[in-house]
Amino acid sequence: MRTITYREAVREAIREEMNRDPNVYMMGEDIGVYGGAFGVSRGLLEEFGPERIRDTPISEAAIVGAAAGSAVTGMRPIAELQFSDFITIGMDQLVNQAAKMRYMFGGKAKVPMVVRTPSGGGTGAAAQHSQSLEAWVAHVPGLKVVQPSTAYDVKGLLKAAVRDDNPVVFYEHKLLYNTKGRVPEEDYVIPLGKADVKREGRDVTVVATAMMVHKALKAAETLEKEGISVEVVDPRTLVPLDKETIVQSVIKTGRCVVVHEAVKRGGYGGEIVSTIVESEAFDYLDAPIQRVAGREVPMPFSTHLEQYVIPSEDNIVAAIRDVMV
């Protein structure tokens, strides 16, 4: 099995799905000659031509609306938004149109569209280009939400998202694009709604998403030297959420820390905590569940302050030590 970057894995998934199905096409700002804001679509214009790699005007409302419209007529668009912060501009088309159509037409209309978008901080891009707003989208019935953390996961999950008959919002963390991982060359699909145990452990469960998965794994290595065995669970998709894997892990360890980069207040971590508390895992808890999340301020431009706002490996280690007392 070869090793490729997360960015290359995204590109491969798009290429393979476009070769597999002529109804799949890609649209977005500067995705053609320029190759996309983060270089994901580089080379695809030469391979598939302007009819299937379509540059759009600078209007996220138009991109999401056009994707929804073409999806209900039988196409399978992959719409790229340059930064996930800009999904707010397309929210009416996404929340009030794409998410509702299948329900309001009694199941007769399918909406097989994917909105791909880079999220998260750590690049010094300041408050309007660094947010993690996935909880907003996860709140809406009718939308599926994906947050892959590895090259292997991003390829398999993106292929599943393209083949899904419902609108899927697909978050790719900016800092993961250059990370590398082992990815099969053959076709494979990871079902939406299936979590992955990234590390087995016996003393405490850490449920982490996106970039936080990697920080949780580093925290687990640190604590292993102190004799604390940490299990790291990556939900991979927020909607649908694999509740069973999370609950069974907490039943096994008896302790839990939930980690995400988004602001703590109203963040998706609260949904994960509720899932555990409302399940049989509650009776197995030996300590209150801890949440580690972004500080409740707009993302600073200053690199030093930005790192203070985003959860660190040390924050995760401290939370784990707290639940071990």
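Which element gives the largest share of the lining of the largest pocket? I opened my notebook with this, and the answer is β13, from which 3 residues come.

**Before starting.** I note that this is a predicted model, in which local features need pLDDT of at least 70 and side-chain atom pairs count only at pLDDT 80 or more, while totals for chains, interfaces and linings use all residues. Residues are numbered from 1 along each chain as its sequence is written, and side-chain values use heavy atoms, with hydrogens and water left out.

**Entry 1, the largest pocket.** I wrote down the rule before the values: on a 1 Å grid over the protein atoms alone, a pocket is an open set of points with protein on both sides within 12 Å along at least five of seven lines, a cavity is a set of points where a 1.4 Å probe fits but cannot get out, and lining residues have an atom within 4 Å of a point. Grid points are joined across faces, edges and corners, and a volume is the space filled by probe spheres set on the points.

The largest pocket holds about 380 Å³ of space. It has 20 lining residues, and those closest to its centre are Gln131, Ser132, Leu133, Ala262 and Val263. I found that α5 and β13 (256-263) are the elements that give two or more residues to this lining; helices (H or I, at least four residues) and strands (E, at least two) are DSSP runs, numbered from the N terminus. By class, the lining of the pocket divides into 10 nonpolar, 6 polar and 4 charged residues, where Ala, Val, Leu, Ile, Met, Phe, Trp, Tyr, Cys and Pro count as nonpolar, Asp, Glu, Lys and Arg as charged, and the others, Gly among them, as polar.

Why does the largest pocket lie between domain 1 (2-183) and domain 2 (196-324)? I put it there because both domains give residues to its lining, with domain bounds that come from an automatic or database domain assignment.

**Entry 2, the cavities.** I counted 2 cavities of 30 Å³ or more. The largest cavity holds about 50 Å³, and its lining, which includes Ser132, Glu134, His173 and Glu261, draws at least three residues from each of domain 1 and domain 2. This lining has 1 nonpolar, 5 polar and 2 charged residues. The second largest cavity, with about 30 Å³ of space, has Phe38, Val40, Arg116 and Tyr177 among its lining residues.

A nonpolar core is a set of buried Ala, Val, Leu, Ile, Met, Phe, Trp, Tyr and Cys residues joined through side-chain atoms within 4.5 Å; buried means under 20% relative accessible area, exposed over 50%, and partly exposed in between (1.4 Å probe, protein chains only). In the largest core, of 58 residues, I looked for the members that touch the most others, and they are Ile14, Val230 and Ile320. Domain 1 and domain 2 both give residues to this core, so it lies between them. A second, separate core of 44 residues includes Met101 and Val258.

Most residues other than glycine have a negative phi, and most peptide bonds are trans. I therefore noted Asp30, which counts as partly exposed because its relative accessibility is 41%. The phi of Asp30 is near 60°, a positive value, and that of Ala126 is near 70°, also positive. A cis peptide bond joins Val239 and Pro240, with omega about 0°, and Pro240 lies in the loop between β12 (237-239) and α8 (243-253).
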